[in-house]
Amino acid sequence: MTDARTLTIDADGVDPAAVPQRVLASGARMPAIGLGTFGSDHVSPAEVAAAVVGAAAVGYRHFDCAAVYGNEALIGEALAQVMALGIPRDALWVTSKLWNDRHASADVAPAFEQSLRDLGLGYLDLYLVHWPVPNHHATGVGVEWRDSNARPYIHERFMATWRELEKLVDRGLVRHIGTSNMTIPKLELVLRDARIRPAVNEMELHPHFQQPELFAYVRAHGMEAIGFSPIGSPARPERDRTPDDSVDVEDPVIVRIARRLGVHPAVVCVKWAVQRGQTPIPFSTKRSNYLANLRATVEDPLTDAEMAEIAGIDRNCRLIKGQVFLWKPGQRWEDLWDLDGTITPP
Ligand SMILES: NC(=O)c1ccc[n+]([C@@H]2O[C@H](COP(=O)([O-])OP(=O)(O)OC[C@H]3O[C@@H](n4cnc5c(N)ncnc54)[C@H](OP(=O)(O)O)[C@@H]3O)[C@@H](O)[C@H]2O)c1
């Protein structure tokens, strides 16, 4: 019998059944690569939505969305088209995220329901708390900008938000809930106090920022690691760059492996991510690029020696530093990341 899920794949696409899957603690299967949908300020919502349709047609089934990306309504139209083409809802994995200005208990369900309506779905597969710190981040502000309402991580407040996410699971509106941009000391507390544990932690992961301790911690505690900016976000806006940032796709090791395989260095980053065991969500609106990223998961694996070589090029280079979420004057971005193993005091 023909699988309805493969009916609409382009001739040069990838059978979704061949794409590696992550089996979550719940037993659910999540495709081990997703399409990122953050167009930032250089790709319009319409272009991102068109990429969602095109990506589904080449075999993507996993889409990483968020309210703050400002394009969920158009992505909802794209998903409706995808389903009209014959791809059933249960063959898709759709994630959204609660933005930082909707952490108050009374705001969580309305924010979630807005995303659900915009995405045109009856349930989400995964809903994340986008950042563990409440604040309001106006679109396009520079890294020096500070929000007078920004607050540090206060565990009791985070758990109040989390309990609202748990209720969404109870109501059958979301299958899994998770965290993003967390640290080990914060996750320790959440895992201690959650009734429904986070199924995943979404975190920055690319060859120059491998976060080995957090990555190992997440997996050892039964969560999957979804890796954002897997290519090192080469098109991020100037305001999100600092002079120390390094460029993954220019690393000599990545470039040499890309030459061996005859692919763009971005594809090597994706291969490394999937083979290491994380779930990358590369962004692209170019068919040739998002197709190459998906093909990366099913053909020409990196050798063990290449995997070991890439493990050796970690530079601990965080690109998405979160400066605009700092909550008092005189702080450094490092204060968001609990570098000494304890939560930075308020
Ligand atoms: N949870 C969070 O806080 C968080 C934070 C940041 C990002 N994210 C998620 O992660 C996703 C990805 O991160 P990102 O957008 O920052 O960066 P990224 O995926 O590391 O990099 C995207 C860039 O790489 C280029 N690219 C992609 N595939 C390529 C290929 N095969 N060959 C050559 N170039 C390629 C794209 O250019 P073209 O468009 O020209 O192909 C695009 O400019 C976001 O869209 C979002 O969904 C989540």
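**View 1. Ser 246 and His 208 are joined through their side chains by a polar contact of 2.7 Å.** A polar contact is a pair of N or O atoms within 3.5 Å; within protein, one atom must be able to donate a hydrogen and the other to accept it, and residues adjacent in sequence count only if both atoms are side-chain atoms. The model is predicted: local features need pLDDT of at least 70, side-chain atom pairs count only at pLDDT 80 or more, and totals for chains, interfaces and linings use all residues. Residues are numbered from 1 along each chain as its sequence is written, and side-chain values use heavy atoms, without hydrogens and water. Ser 246 sits in the loop between β9 (224–228) and α7 (252–261). Helices (H or I, at least four residues) and strands (E, at least two) are DSSP runs, numbered from the N terminus. Ser 246 counts as buried because its relative accessibility is 9%. Buried means under 20% relative accessible area, exposed over 50%, partly exposed in between (1.4 Å probe, protein chains only). Leaving aside residues up to four places away in sequence, Ser 246 touches His 208, Arg 315, Cys 317 and Leu 319. Contact here means heavy atoms within 4.5 Å.

**View 2. The ligand is surrounded by 30 residues.** The closest are Ile 231, Ser 233, Ser 284, Lys 286 and Asn 289. By class, the shell holds 13 nonpolar, 13 polar and 4 charged residues. Nonpolar covers Ala, Val, Leu, Ile, Met, Phe, Trp, Tyr, Cys and Pro; charged covers Asp, Glu, Lys and Arg; the others, Gly among them, are polar.

View 3. The protein covers 91% of the 900 Å² of accessible area that the ligand has on its own (Shrake-Rupley method, 1.4 Å probe). The elements giving two or more residues to the shell are α8 and α9.

**View 4. Helix α9 (residues 287–295) has Tyr 290, Leu 291, Asn 293 and Leu 294 as its buried residues.** These residues line one face of α9, because they fall within an arc of 160° seen down its axis. The arc is that of the directions from the helix axis to the C-beta atoms. Their cover includes β3 (35–36), α1 (45–58) and α8 (265–276).

Methods. Near = heavy atom within 4 Å.
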